[in-house]
Amino acid sequence: MTGTPTPRLADALAGEPLVLDGGMAGVLEAAGHDLSDHLWSARLLIDRPEAVTEAHLAYFAAGADVAITAGYQATFEGFGRRGIGREEAARLMALSVGLAREAARRAHAAGAARPLWVAASVGPYGAMLADGSEYRGRYGLSVAELERFHRPRLEVLAAAAPDVLALETVPDADEAAALLRAVRGLGVPAWLSYSVDGRHTRAGQPLEEAFAPAADADEVIAVGVNCCSPRDAEYAVRTAARVTGKPVVVYPNSGETWDAAARAWTGRSTFTAERVQGWRDAGARLIGGCCRVDPETIASVARILTRQD
């Protein structure tokens, strides 16, 4: 791809489905990194940025077309609790985009001939709290207050020039409304991705209602779900496609369950080839995985979607 401009992601979505990466944390933990800090994988932006680049590169090598950055819990408030000032926090947020760009450069140097894109992760307000609130929503804040929280970080990330802003793991339609307001005028497209439970957001709103505002948001180029059970994804994909008429993004967890008391994953993966095919047939254009979905699984997704070099 050297010397060849990368097409806009919005234009690429008109073609064959694209492959997203999988869970960042799993790859980093498998490499021996402790992510128990409240910053989670964003801590490595401070301590071990090269490890983040290597994780992105592993997914590109597996066949991913889009890397989602390590900025999910990278916020001014979260860094502030580590004694990091706003200027340095902004640098670290921008670095998250730069590390994914470097991984794409290395992947191309190693022979990848396909376009590669970078999605800047924008986690929900609850991710900053680091107490599981992103799986409940209903923080007691107004839409205006949530917009004020998100806008400064979004401005920093937009200035770092990712291909898309990944507004992800959103548990609540109110927070989605705040994010849709906060991305206006930034000049960078976005996707909006809810975390869901059955046919509702984590906060309990029906998905038909939750997806509807994205239909009229010019900045939004894809709508869907992530960080949910694979069994809940197909209904969400069909609903997002029907309600918004936009390309759909889907990247659920493996299907295993987190045992908070034992601090361990239990059960088995239900992320199967048949499910991937179902999501594609239901209208998904961006398909990958979230927690516990590793490069090997993404390689299988790439094979299913025939997106290998």
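Biologist: How many aromatic pairs does the structure hold?

Modeller: This is a predicted model. The structure holds 6 aromatic pairs.

Biologist: Why is the pair of tyrosine 125 and tyrosine 139 called tilted?

Modeller: The ring centres of tyrosine 125 and tyrosine 139 are 5.0 Å apart. The cut-off for a pair is 6.5 Å, so the two rings pair. Their planes stand 55 degrees apart. Stacked needs under 30 degrees and edge-to-face needs over 60, so 55 degrees counts as tilted.

Biologist: What makes this pair a tie between parts of the chain?

Modeller: Tyrosine 125 belongs to helix α7, residues 125-129. Tyrosine 139 is in the loop between α7 and α8. The parts tied together are 14 residues apart in sequence, because of where these two tyrosines lie.

Biologist: Why is tyrosine 125 called buried?

Modeller: Its relative accessible area is 16%. Buried means under 20%, so tyrosine 125 qualifies.

Biologist: And tyrosine 139, buried or exposed?

Modeller: Buried. Tyrosine 139 has a relative accessible area of 18%, and the limit is under 20%.

Biologist: What makes tryptophan 191 and tyrosine 251 an edge-to-face pair?

Modeller: The centres are 5.9 Å apart, within the 6.5 Å limit, so the rings pair. The planes are 75 degrees apart, and over 60 counts as edge-to-face.

Biologist: Where do tryptophan 191 and tyrosine 251 lie?

Modeller: Tryptophan 191 is in strand β5, residues 190-194. Tyrosine 251 is in strand β9, residues 248-251. The pair links distant parts of the chain, 60 residues apart. Both residues are buried.

Biologist: Which residues form one aromatic cluster with Tyr125?

Modeller: Tyr139 and Phe149.

Biologist: How do you know that the charged end of arginine 199 is close enough to count as over the ring of tyrosine 235?

Modeller: The distance to the ring centre is 4.1 Å. Arginine 86 lies over the face of phenylalanine 76, at 3.9 Å from the ring centre.

Biologist: What is said of phi at tryptophan 40?

Modeller: Phi is near 55 degrees, a positive value in a residue other than glycine. Tryptophan 40 is in the loop between α2 and α3.

Biologist: Why does tryptophan 40 count as partly exposed?

Modeller: Its relative accessibility is 26%. Buried needs under 20% and exposed needs over 50%, so 26% falls in between.

Biologist: What about arginine 138?

Modeller: Arginine 138 has a positive phi of about 55 degrees, although it is not a glycine. Its place is in the loop between α7 and α8.

Terms used: Residues numbered from 1 in each chain as written. Predicted model: local features only at pLDDT ≥ 70, side-chain atom pairs only at ≥ 80, totals over all residues. Heavy atoms only, no water. Helix = DSSP H or I, 4+ residues; strand = E, 2+ residues; numbered from the N terminus. Buried < 20%, exposed > 50% of the residue type's maximum accessible area, 1.4 Å probe, protein only. Lys NZ or Arg CZ within 6 Å of the ring centre and 35° of its normal.
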